[in-house]
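The sequence and coordinates are shown first, and the analysis follows.

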Amino acid sequence: MSLSLQPFCAKEDDLCGHSESITCLSFSPTGDYLASGGEDGNLIVWDPMKGTLVHRVPVNGTITSMAWDPDDIKHPYVICFWTSFVVFLITNQGPGQDQDSDILTGVDAPVYAIAIDAYSGVIALGMGSEVHLAKWVSPSHYATFKILPPPPELPNTLPDTDKHVRVRALAFTEGGDHLLATYLSHGIVCWDLVHPQSQFLWTIVPMHSHRLIGHCLLSPDEQTVLISNLSEGMDLYRIRHCHPYRRFKYTADTGDNLPVQVAFLHDGRAVACGSMDGNVTVWDVANEDQIQVLPHDVRPPLLTVVQAYQYRDFMLLATGTSHSSENTYIRIWHSDTSRSAFSLSTDSSHFVLFLRSKGHLAL
């Protein structure tokens with residue numbers, strides 16, 4: 001293993017608080033907190049270093065997506081919604097009050113993906129078959145101001161391919177001027193948000209046979225995208241290119257094609273993803289070598305959720321179990337050459353955004 005890619009070590013105690021599958025994880029912008037959502041209808045905010053539960057918010061439905069506001073100074077609200085927003089505030093003095101707030105989209109559909117632009121505060125929502133852009137119009141209201149056009153169909157797809165439009169991931173780029181939208185069966189599309197008609201600039205057509213994408217993440221330098229290919233592992237694509245730059249394959253073939261989350265580690269020099277074999281594997285991007293396997297004692301062996309946080313040379317990796325109601329937990333892994341390199345900020349407020357829907361995430 002390269003000396004610059006330090007191994008991960010598991011913290012002594014797992015985080016136990018969910019009674020059903022964990023569906024999403026998200027670190028706060030400074031790493032102070034980890035938010036988790038599950039099929040049990042609980043949003044839980046944790047202190048990942050202390051291993052303690054900070055706050056629990058019960059909701060009536062599965063939490064399907066969440067994100068922290070990247071700018072907690074300009075946008076002092078964090079919002080979740082089902083039929084209405086729920087604002088949840090965490091300050092350096094502790095959790096604040098939940099507060100109801102409306103969102104005006106005109107659509108009653110589950111939210112599969114979310115992204116928040118750090119520059120404008122615009123929220124992108126993958127709602128059903130549509131991508132909505134919403135903005136803050138009053139202290140208690142967000143509203144959709146633009147709906148992106150449908151993505152172009154992929155060429156040469158298999159006859160039995162699901163042609164329904166469904167968003168799997170969203171990411172703002174170019175200072176909020178562009179939006180990368182990853183679709184289940186329509187590839188990756190870069191939308192020009194400055195153009196009045198929001199034209200697409202380019203697309204990435206996956207090379208694997210069924211063309212389906214389970215999850216996608218933009219690299220820290222915004223030059224590559226990492227996708228879960230819903231078959232044998234992950235593929236790394238350069239922006240605007242339709243041939244994989246790197247391929248990372250599972251060692252075990254489980255025959256399942258559940259969507260698993262992917263993660264960039266060590267400034268994009270390593271990658272990881274969930275699995276169906278009970279382990280999380282870390283790969284070196286430079287040579288596609290497996291450099292570490294993070295084991296989990298869970299049955300059935302499903303680990304579909306991973307989330308990473310980095311500050312200088314210090315990294316946290318959170319892994320969550322799925323479809324294991326009797327043994328559901330979050331495991332925190334850390335990697336660092338010197339623990340003193342990591343200093344959590346406690347001077348400002350932090351906020352978490354989560355989304356819930358009536359049903360389970362469906363493919």
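In which strand is the place of Lys146? Lys146 belongs to strand S15, which covers residues 141-147.

## Basis of the analysis

The model is predicted, so local features need pLDDT of at least 70 and side-chain atom pairs count only at pLDDT 80 or more, while totals for chains, interfaces and linings use all residues. Residues are numbered from 1 along each chain as its sequence is written, and side-chain values use heavy atoms, with hydrogens and water left out. Strands are DSSP runs of E with at least two residues, numbered from the N terminus.

Lys146 is buried and has no salt bridge. Buried denotes under 20% relative accessible area, exposed over 50%, and partly exposed the range in between, with a 1.4 Å probe and protein chains only. A salt bridge requires a side-chain nitrogen of Lys or Arg within 4 Å of a carboxyl oxygen of Asp or Glu. The nearest side chain of opposite charge to Lys146 is that of Asp192, 7.7 Å away; in this count Lys and Arg are positive, Asp and Glu negative, and His and the chain ends are not counted.

The side chain of Lys146 does reach the backbone oxygen of Leu193, at 3.2 Å. Leaving aside residues up to four places away in sequence, Lys146 touches Val131, His132, Leu133, Leu193, His195, Pro196 and Ser198 (contact means heavy atoms within 4.5 Å).

## Salt bridges

The whole structure holds three salt bridges. In one of them, Asp14 pairs with Arg331, with the closest N and O atoms 2.9 Å apart. Asp14 lies in the loop between strands S1 (9-10) and S2 (22-27), and Arg331 in strand S30 (residues 330-335), so the pair ties together parts 317 residues apart in sequence. Asp14 is partly exposed at 25% relative accessibility, whereas Arg331 is buried at 12%.

Glu232, Asp235 and Arg247 are linked in a network of salt bridges. Between Glu232 and Arg247 the closest N and O atoms are 3.3 Å apart. Because Glu232 lies in the loop between strands S21 (224-228) and S22 (233-238) and Arg247 in strand S23 (residues 246-249), this pair joins parts 15 residues apart in sequence. For Arg247 and Asp235 the corresponding separation is 2.9 Å, and the pair ties strand S23 to strand S22, across twelve residues in sequence. Asp235 is buried, at 1% relative accessibility; Glu232 is partly exposed at 30%, as is Arg247 at 31%.

## Aromatic pairs and charges over rings

How many aromatic pairs does a search of the whole structure find? The search finds five. Rings of Phe, Tyr and Trp (its six-membered ring) pair if their centres lie within 6.5 Å; planes under 30 degrees apart count as stacked, over 60 as edge-to-face and the rest as tilted. Among the pairs, Tyr33 and Trp68 have ring centres 6.3 Å apart and planes at 5 degrees, so they are stacked. Tyr33 lies in the loop between S2 and strand S3 (34-38), and Trp68 in strand S6 (residues 62-68). Both Tyr33 and Trp68 are buried. Phe248 and Trp283 form a tilted pair, with centres 5.9 Å apart and planes at 50 degrees. Phe248 is in strand S23 and Trp283 in strand S26 (residues 279-284), and both Phe248 and Trp283 are buried.

A charge sits over a ring if NZ of Lys or CZ of Arg is within 6 Å of the ring centre and within 35 degrees of the ring normal. The charged end of Lys135 is placed in this way over Phe145, 5.1 Å from the ring centre. Arg246 lies over the face of Tyr245, at 4.4 Å from the ring centre.

Terms used: Helix = DSSP H or I, 4+ residues; strand = E, 2+ residues; numbered from the N terminus. Polar contact = N/O pair within 3.5 Å; in protein donor to acceptor, adjacent residues only side chain to side chain.
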